[in-house]
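Reader: I have just opened this structure and would like to learn how to read it. Could you take me through some features, one at a time?

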Amino acid sequence: MITFNEKTNLFKLDTPSVSYVMVLADGKYLGQVYFGKRLENAAADLSYLLRIDEPPFTPSVNLREKVSFLDSFPMEYAFGGTGDFRESCIGVITESGQEGLELTYRSHRIYPGKDKLCGLPATWGGQAETLEITLEDAPTGVQTILSYSVFADSDAIMRSVRVKNNGTGAVYIDRVLSACLDIEDADFEVLSLHGSWARERHMQRLPLGIGSYVTESVRGESSHQDHPFLALLTPSCTQESGEVYAMNFVYSGNFLAKAQHTQHDRVRMVMGVHPDYFRWKLEAGESFQAPEAVLVYSDRGLGGMTRTFHDLYRNHLIRSPYKDIRRPVLINNWEATYFDFDTDKLLAIAKEASALGIEMLVMDDGWFGHRNGDNSSLGDWTVNEEKIKGGLKTLVDGVKSFGMKFGIWMEPEMISPDSELYRAHPDWALRLNGREPSLCREQLVLDFSRPEVLDYVYGQISAVLRSADISYVKWDMNRQLTDPGSSYLPADRQGEASHRHTLGVYALQERLLTEFPDLLLENCSGGGARFDAGMLYYSPQIWCSDDMDAVERLQIQEGTALIYPLSAMGAHVCCSPNHTVGRETPIDMRAAVALAGTFGYELDVTTLSEEEKERIPAQIARYKKYAPLIQGGDYYRIASYRETHTYDCYEIVSKDRSEAVVFFIQVLNEPNRRSRKIRLQGLDGQAVYDVGGKRYTGEALMYAGYILPRPWGDFQPVILELHREK
Ligand code: DGJ
């Protein structure tokens, strides 16, 4: 619910457990006073939290100290150049080349529902309400329309910003961030996600000292290295208790997230499109829509935050018809064959896989142009009939004859210098004047600001999809974006190329899903470099990492599941020794870890030992049994391998608390240990649960704990099922 109290000039957003409050000072400056546990009394006047009854007072009382006022006021949407020296959310350069704003209140409106964000992914649906507050800088006519939405069934607050040029001349937006929190407290730790290729989204928690903590990407994607997520935690915060203020960005390109501990022990936290490589020209009368940021407050620790994100994304972000449907168990040929495959090899894999209960074959990279390595043919999306003999339809029909579905890999944003497309249109690659663009994996990036490029790419990939019965597409992006120059855009719009790339990806995926609404789309970026909330709007699952080693995956999946639902995490059983780290693990351990995601296989079943093959049908049966829990249940993190260095443990409980499954992964066995006791979470305390034929009360399992059977050896999973007695 959203209200505006005219007497106190107070805006209040209420979710089931959280309130967010803003107050106008002097009827002009929009201040942020509260984000926390729900305040029930609507009449409460929180304006005292603005501290405008103490020096420096407001400019209407003490004009001589206006700078001090602007530099200490809890700005709802921070602007710079006129007195606030802290992190600014917006930078606009006028035609006269000057920069600096003073945004003051002009109007607001509250309306039921939530409008779409033009060309951008955003949360949607359900019972929603939205508040729009228009601020204006009078001399330039620049307006920021701040938008806040709440859903009746979620504790998240959705924020976005539209910049409108209401002046008479063109302006250039140099920075426009989407969210700002200005919290009167500074005793926090920061939590963020970091890594590299094959090591994505490892959690990092550090004390926040005076100064700024930054996590960012200027790689043209949300990236392997950093992640568009930042949280402030009270120092004692655990999975179950303590406070969390989190931001997650619904965007897949360059981002900036910053927490700034400032002089009066306040923290300003911001998130938005990265100001580097960004400059957007706004003609008079034009608007620019910045992407959405999701804000979550939890006083139930990190676990509370996680479950708010999971529910929000499952109920209000993912749109795919597969959202609530069990995904087919797939087998992907990448690590089985790399580029060395043909129709016969793929059909042999499909035949063997179908006999084991696998439901879909995905043909990965290497089926088009003359691609036999990673150095050619991107952009030439025609089937290589030397490998795919008889064409795609013959292969697809062959796979279908085993009762399986068929999926295909594509990398639509890219162009190989060795391609027909590049030879015909070298100017279609992003490049800076006077220099050769930098190669990465021997490929270049297409210029998605050019409309004919989008049309060409769409024509090519849609023709492939129309040529055979294809149920699934893996949309890959195997390099970072450099040389953000476009031979299509005029000089004063070159700064738009990076953001236009991301908008182009969104536009193409939207077009694809409109024509092929039943397609199961899995986004991917050289592993998990574009696992973000933006992509989830288009694809219900995203490839988590190229590292499928079951031990490495524990940290990757823990970090990913901190925000994103398990049903979104692309997870496969790989072969052993693993191709990334060379570690040997039993197939049951690999399967147990992959069960926390979409579950599939990525190995050559035709060369698997009989012993390993025999395990697969039972693994698939488990996946089918747990799929409703994994897709719809509440996730609880019980222990982390990151901290224990020997084991990992997580639990998923059905919404009605009648069923649960617990995964305990013993990575390393330890000598002379007693059986380990774990405390479960989220159960019905008064109910009785059956665990492995024995009866326990929910409260005993949660407060006293459960004593696990003691696995023997390294790399041993224990999976417990809990059933509530009727
Ligand atoms: C990167 C992906 O993450 C892999 O799974 C595979 O599809 C390769 N690209 C193919 O080039």
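Author: Gladly, and we can start with burial: buried means under 20% relative accessible area, exposed over 50%, and partly exposed in between, using a 1.4 Å probe and protein chains only. Before we apply that, note that this is a predicted model, in which local features need pLDDT of at least 70 and side-chain atom pairs count only at pLDDT 80 or more, while totals for chains, interfaces and linings use all residues. Residues are numbered from 1 along each chain as its sequence is written, and side-chain values use heavy atoms, with hydrogens and water left out.

Reader: Is Leu-361 buried or exposed?

Author: Leu-361 is buried, because its relative accessible area is 0%. You will find Leu-361 in strand 22 (residues 360-363); strands (E, at least two residues) and helices (H or I, at least four) are DSSP runs, numbered from the N terminus.

Reader: Which residues does Leu-361 touch?

Author: Contact means heavy atoms within 4.5 Å. Not counting residues up to four places away in sequence, Leu-361 touches Ile-331, Leu-346, Ile-349, Ala-350, Val-399, Met-404, Lys-405, Phe-406 and Gly-407. Take Val-399 from that list: Leu-361 and Val-399 are 38 residues apart in sequence, and their C-alpha atoms are 7.3 Å apart in space.

Reader: How do I read a nonpolar core?

Author: A nonpolar core is a set of buried Ala, Val, Leu, Ile, Met, Phe, Trp, Tyr and Cys residues joined through side-chain atoms within 4.5 Å. Here the largest one has 210 residues, and Trp-367 and Ile-408 have the most contacts inside it. Strand 10 (residues 171-183) gives the most to this core, with eight residues. A second, separate core of 22 residues includes Tyr-636, Ala-639, Cys-649 and Ala-687.

Reader: What is Trp-367 in contact with?

Author: Leaving aside neighbours within four places in sequence, the partners of Trp-367 include Phe-341, Trp-381, Ile-388, Ile-408, Trp-409, Met-410 and Val-464.

Reader: How do I describe two helices that meet?

Author: Begin with their axes, which are lines fitted to C-alpha atoms, for helices over the stretch in contact; angles run from 0 to 180 degrees between N-to-C directions. The axes of helix 11 (residues 587-594) and helix 12 (residues 610-632) come within 10 Å and cross at roughly 25°. Angles under 35 degrees count as roughly parallel, over 145 as roughly antiparallel, 65 to 115 as roughly perpendicular and the rest as oblique. Helix 11 and helix 12 are therefore roughly parallel to each other. The residues making this contact are Ile-587, Asp-588, Arg-590 and Ala-591 of helix 11 and Glu-612, Arg-615, Ile-616 and Gln-619 of helix 12.

Reader: At what angle do helix 10 and helix 11 cross?

Author: The axes of helix 10 (residues 550-561) and helix 11 cross at roughly 15° and come within 9 Å. That makes helix 10 roughly parallel to helix 11. In this contact, Ala-550, Val-551, Arg-553, Leu-554 and Gln-557 of helix 10 meet Met-589, Arg-590 and Val-593 of helix 11.

Reader: What should I look for in the backbone?

Author: Most residues other than glycine have a negative phi, and most peptide bonds are trans. Two peptide bonds to look at here are Pro-55 to Pro-56, which is cis with omega near 10°, and Ser-576 to Pro-577, which is cis with omega near 0°. Pro-56 lies in the loop between strand 4 (29-37) and helix 1 (66-72), whereas Pro-577 is in the loop between strand 30 (572-574) and helix 11.

Reader: And which residues show a positive phi?

Author: Among them is Asp-265, with a positive phi of about 55° although it is not a glycine. Asp-265 is in the loop between strand 16 (255-261) and strand 17 (267-273), and is partly exposed, with a relative accessible area of 44%. Arg-657 also has a positive phi, near 65°. Arg-657 belongs to the loop between strand 33 (647-653) and strand 34 (659-666), and is partly exposed at 36% relative accessible area.
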